[in-house]
Amino acid sequence: MKTLFDKIWDAHVVQNVQDGPTQLYIDRLYCHEVTTPQAFDTLRDKNISVFRPEQVVAMPDHNTPSDQQERIDDPIGRKQVETLAKNCAEFGIRHFAMGTKDNGIIHVVGPEKALSLPGMTIVCGDSHTSTHGAVGAIAMGIGTSEVAQVLASQTILQSKPKTMRINIEGILPEGTTAKDVALYIMAQLTTSGATGYAVEYAGSTVRNMSMEGRLTLSNLSIEMGSRAGLIAPDETTFAYLKGREYAPKGEAWDKAVEEWKKLYSDDDAVFDKEVTYRAEDIAPRITYGTNPGAGIAIDECIPALEDIAEDERQQFLSMLEYMQFEPGQKLEGTPVDYCFLGACTNGRIEDFRAFASVVKGKKKAENVVAWLVPGSWLVRQQIIDEGIDKILEEAGFELRLPSCSSCLAMNPDKVPAGKLSISTSNRNFVGRQGPGARTILASPLVVAASAITGVVTDPRKL
Amino acid sequence: MAKQKFDIIQSTCIPIQIDNCNTDLIIPARYLASTTRDPKFFGDAFMHDLRFDAEGNAVADFVMNKAEYSEEPKKGVHEIIIGGQNWGSGSSREHAAWAIAGYGVRVVISSSFADIHRNNLLNCFVLPVIVSKEFQQELFETVLANPQTEVKVDVPNQTVTNMATGHSESFEINGYKKYCLMNALDDIDFLLENKGKIEEYEHK
């Protein structure tokens, strides 16, 4: 009577500290340039080495420019990327350097290289580490002090979270994607609705999702407050992982699959919380506020002030003031300045296929700056192999180089103050895409439709 | 970050009445590219884009810039933040905890914290204290009515007291972490002492 989460957690307990947390064994640590320099400094202070360097994989992604990757012009960002390379060389860690075919956003590269596998415990100094849970792993974002713990001991001290199952049942309506499912759940649960819980996504809608869709769903767990979003591995998972670079091969593969098939929540497993949503209630969505939970279906209006609880009105109004929107306003038809396709949320091949399916044979609106940024060099190659780059080019779009790009303002792809961006990324926080930038979160289909018309557009109506 | 032993902290407070105050607000992304560990660098960046406008001028009506709350934290003064609910949501950046610690704050009180940020605070020797929504509201009201209001956080007894009203609540912290905070010990040292257990696990 164990949940999927319990099965993986219990298999990784080194010890339960008396009156304290669990010392949990970590199978895989990912490192990027932003949250690790100070962790390596801690090792140097204490004069210790990396305990299991072969279980650590590093790559820069946040500071990486998406227009060229010969150099980083910003001296501080450049130093951070160089520091990661130096630390990896010094401590004997595998490093996928900027501009090489192995590089990309960690949360895209990990699953696509099968470095993230079912049953694993995976951590990284990045809240979107929840992404890797889609392969059937416990994957959690951690802080830099915790990165140092894992580098030093391949373990971490964690209190066991409660468990929540989110069931989504039925067939998604036309034009509705995994991104819309996640945005819908956030609007229902709020951005702290899953705080303190590890989430498992289940139900027929999830079972029918592609691996890319599942990765998008798990990616956004943290935006509901949950550090981890697991999906039980199944034939879709195995088919996705089989043959990938670091997947077990031959007999080892068969043996692994046999073990992975045991990774599901038992029928009589009890969750601390369980909610169920119907796919037919979900439509293409957009956000209107400055947290990802402040969202609506694309053809709905922003709530009127009366519809907001009294103690939340002040925050509601200050969000709208920043966004330059009004209560009750319809956002469909609002002019947009920037369109961003990419990030660890929607930077995978399926997202580019979806985008291309909308823009094929049409032309990009002239008033719009569009950044189309693959999540990895592998994704970029696949885009080219499938001829998607030609479709994009003919429609007036340019395919850029793998990077976190405009998801957060740490590289040249910043949205200027006051400009409105419609984006497939994960956060619409104040200043997230650049100081003063305004962000609407949406699916690749909605962003594509909006890039063609130059205004917020429902892809079903294009 | 400096490791200071925790015992009893009694101090005036900075009320930051923002719900869902995410770590992008606590420290904007452009400060994350630094490889330094200088507490002042991060302390200066704390709540930067609410404290300062695009030209770098102090935003007069932001709480941290008001005369009553602008004094830099020191013993007994502004060592405690009263924060809105879901404090520290969003990004896992420990830089947010470094910013709070670097500014000189030792305790953040809220009715709820995001999970990753809460761990980060503890690892940076800043104590997150969870209180009821009612108590949080009372603290906001008293501190806003009288900025000289002191709050007492008693770590050994796990209580938090509004000295103006005498109202008190107890708060949770696990015994292990409490011991670490009271003795200024960090997790790495504990883990390194347990190498044997880790190797034993690996050979299972």
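Colleague: How far apart do the C-alpha centres of domain 1 and domain 2 of chain A lie?

Modeller: Those C-alpha centres are 24 Å apart. Domain 1 of chain A spans 1-283 and domain 2 spans 285-461; such bounds come from an automatic or database domain assignment. The model is a predicted one, in which local features need pLDDT of at least 70, side-chain atom pairs count only at pLDDT 80 or more, and totals for chains, interfaces and linings use all residues. Residues are numbered from 1 along each chain as its sequence is written, with chains lettered from A and ligands numbered from 1 in the order in which they are written.

Colleague: How many residues of domain 1 of chain A are in contact with domain 2 of chain A?

Modeller: Two residues are in contact if their C-beta atoms, placed from the backbone, lie within 7 Å. Here, 39 residues of domain 1 of chain A meet 42 residues of domain 2 of chain A.

Colleague: Which helix of chain A gives the most to the domain 1 side?

Modeller: Helices are DSSP runs (H or I, at least four residues), numbered from the N terminus. Helix 4 (106-112), helix 6 (178-189) and helix 8 (211-219) of chain A each supply at least two residues of that side; helix 6 of chain A gives the most, with six residues.

Colleague: How many residues does each chain bring to the contact between chain A and chain B?

Modeller: Chain A brings 55 residues and chain B brings 42 residues. On the side of chain B that touches chain A, helix 5 (115-123) of chain B is among the helices that each supply at least two residues, and helix 5 of chain B gives the most, with five residues.
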